[in-house]
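This report describes a single protein chain, with attention to its aromatic pairs, its nonpolar cores and its disulfide. The sequence and the model are shown first.

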Amino acid sequence: MQDRLHKAHKFVLTLVLASLALAVAGCGGGGGAHHPLPPATHQSQAPNLSSVSFTQSSSCLHPTAALDQAGVRVAQDIDYLNVSQGGLCLDVYRPAGAGSHPAVMLLHGEGLGRLSGLDGREALRPLALALAQHGFVAVDVDWPPYPAYHLPTSVLGADTALRYIESHSSTFDIKANDVGLLGTSAGGLVAGYVATQHLPYLKAAVTWSGAFEATGPVATPARLQAIFGCSSCPSSLLAKYSAVDHVTSSTPPFALFNSADELIPVSQPEAMHAALKAAGVPTELTILPGSRHAVAYAASATGPTINWFDKYLG
C-alpha cells in the first residue's frame, strides 16, 4: 500500500513539475501575472502549481537590505514565486570574474518563524558571500513558509526555485547542469527530500541540522502540525517525506553536519548517512561538539561545506 502511495505521489509530482517547466519556457524570465500558491489543505493531495508564473518585481514578502560587497555582484529581491502573503524572492551572489560558475542554492531554516518577520535569507548571507568569493554563484532563497503552507507545498516551492535557477543559468552566469543544494534546520528537511528526487542537474547536497525521518523525538505534535498540517499524521504521509526512505544510487553526494547535543538528534543524520552509504553514494558525516544548531555553528561548517562543493561541482 505504501509503495502504491509513493508511486502515485511521484506521478503527481512529475505532472506538476512538467507544468512548471512549461511555465518557465513560456515566461522568458520577464513579467506575467502573479498566481498564488494554494493555501494549506489536507495533505493527501498534492497542490496544483501548474498556473505558477515566474516574475521579477519588488513585491517580496521579506525584502533584504541593500548590499555592496567588493568582489561579489549581488542581485536582490528577485521574485520567483508569488504566494497569498506576497512574493517569495531570492538573492543571487555572483563572483566578480567573467565566465560561468557552478551554483549553490541555499534554503534557510527560519521556516517556522517566517510569518513573524524573520528573514532567513539574511541569516545565510555570510555563507552566500563566502561561496561567491570562492567562485560559486550562491542563490539564497525564500521558500513557502511554515505554518501557512505545509508539505508538499514547501518542497514544490523549493523545486520551483531550483528550476528557476536552471532556466536562468545564462542570466546569472551559472554553469548549466552544475548545481548544489544546502539546507539548514527546517530547510534541511526540504533539501533532503528534494535531493532524493533524481534531479539531473543537482550534483551535490549539504545539510546543517537537517531532519530526514519524520518520526521519533523530532516529530512532536506541534512540529507535525506546523510542517504537515496534522498533529497526528498518517504513517504513509510521514514516510513519503522521510528522505532516508528515498535514497538511491542516483542521490547526489551528500555531506551532513549536526551538533552532538542539539535540537535535531544525532540519530537523524546518522540514519541518512547510513542510507547513503548503503546506496553507494559519497557521503560525509560531521558531528560537532556542543549544542549549537544550524547557522550557530557556521564558523565551523562553512569551510568544510565549501570544500564539499569544490569536490563535486565545477
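Phenylalanine 228 and tyrosine 241 are both buried, where buried means under 20% relative accessible area, exposed over 50% and partly exposed in between (1.4 Å probe, protein chains only). The model is predicted: local features need pLDDT of at least 70, side-chain atom pairs count only at pLDDT 80 or more, and totals for chains, interfaces and linings use all residues. Residues are numbered from 1 along each chain as its sequence is written, and side-chain values use heavy atoms, with hydrogens and water left out.

**Aromatic pairs**

The structure holds 6 aromatic pairs. Rings of Phe, Tyr and Trp (its six-membered ring) pair if their centres lie within 6.5 Å; planes under 30 degrees apart count as stacked, over 60 as edge-to-face and the rest as tilted. Two of the pairs are set out below.

| Pair | Centre distance | Plane angle | Class |
|---|---|---|---|
| Phenylalanine 212 and phenylalanine 254 | 6.0 Å | 80° | edge-to-face |
| Phenylalanine 228 and tyrosine 241 | 6.3 Å | 45° | tilted |

Phenylalanine 212 lies in the loop between strand 6 (202-208) and helix 6 (221-228), and phenylalanine 254 in strand 7 (residues 254-259), so that pair links distant parts of the chain, 42 residues apart. Phenylalanine 212 and phenylalanine 254 are buried. Phenylalanine 228 belongs to helix 6, whereas tyrosine 241 is in the loop between helix 7 (235-240) and strand 7; the pair thus ties together parts 13 residues apart in sequence. Ring pairs also join Tyr193, Phe228 and Tyr241 into a cluster.

**Overall composition**

The protein chain has 9 helices and 8 strands, taken as DSSP runs numbered from the N terminus (helices H or I, at least four residues; strands E, at least two). Of its 314 residues, 54% are buried. Among contacts (heavy atoms within 4.5 Å) with a separation of 6 or more, 76% are between residues 24 or more positions apart. The accessible surface comes to about 11,900 Å², and 56% of this belongs to carbon and sulfur atoms; areas come from the Shrake-Rupley method with a 1.4 Å probe.

**Nonpolar cores**

A nonpolar core is a set of buried Ala, Val, Leu, Ile, Met, Phe, Trp, Tyr and Cys residues joined through side-chain atoms within 4.5 Å. The largest has 58 residues, of which Tyr80, Leu107, Phe228 and Met272 touch the most other members. Helix 5 (residues 186-195) gives the most to this core, with 7 residues. A second, separate core of 25 residues includes Val104, Leu106, Leu127 and Ala128. Leu127 and Ala128 are among the buried residues of helix 3 (residues 125-133). Just after helix 3, glycine 135 takes a positive phi of about 110°.

**Disulfide and individual sites**

A search of the whole structure finds 1 disulfide, defined as a pair of cysteine sulfur atoms within 2.5 Å. Cysteine 230 and cysteine 233 form this disulfide, with their sulfur atoms 2.1 Å apart. The torsion about the S-S bond is about 110°, so the disulfide is right-handed. Cysteine 230 is buried at 17% relative accessibility, as is cysteine 233 at 13%.

Aspartate 91, in strand 2 (residues 86-95), is buried at 0% relative accessibility. Its side chain makes a polar contact of 2.7 Å with the side chain of arginine 121; a polar contact is a pair of N or O atoms within 3.5 Å, and within protein one must be able to donate a hydrogen and the other to accept it, with residues adjacent in sequence counted only if both atoms are side-chain atoms.

Lysine 277, in helix 8 (residues 267-278), is exposed, with a relative accessible area of 54%.
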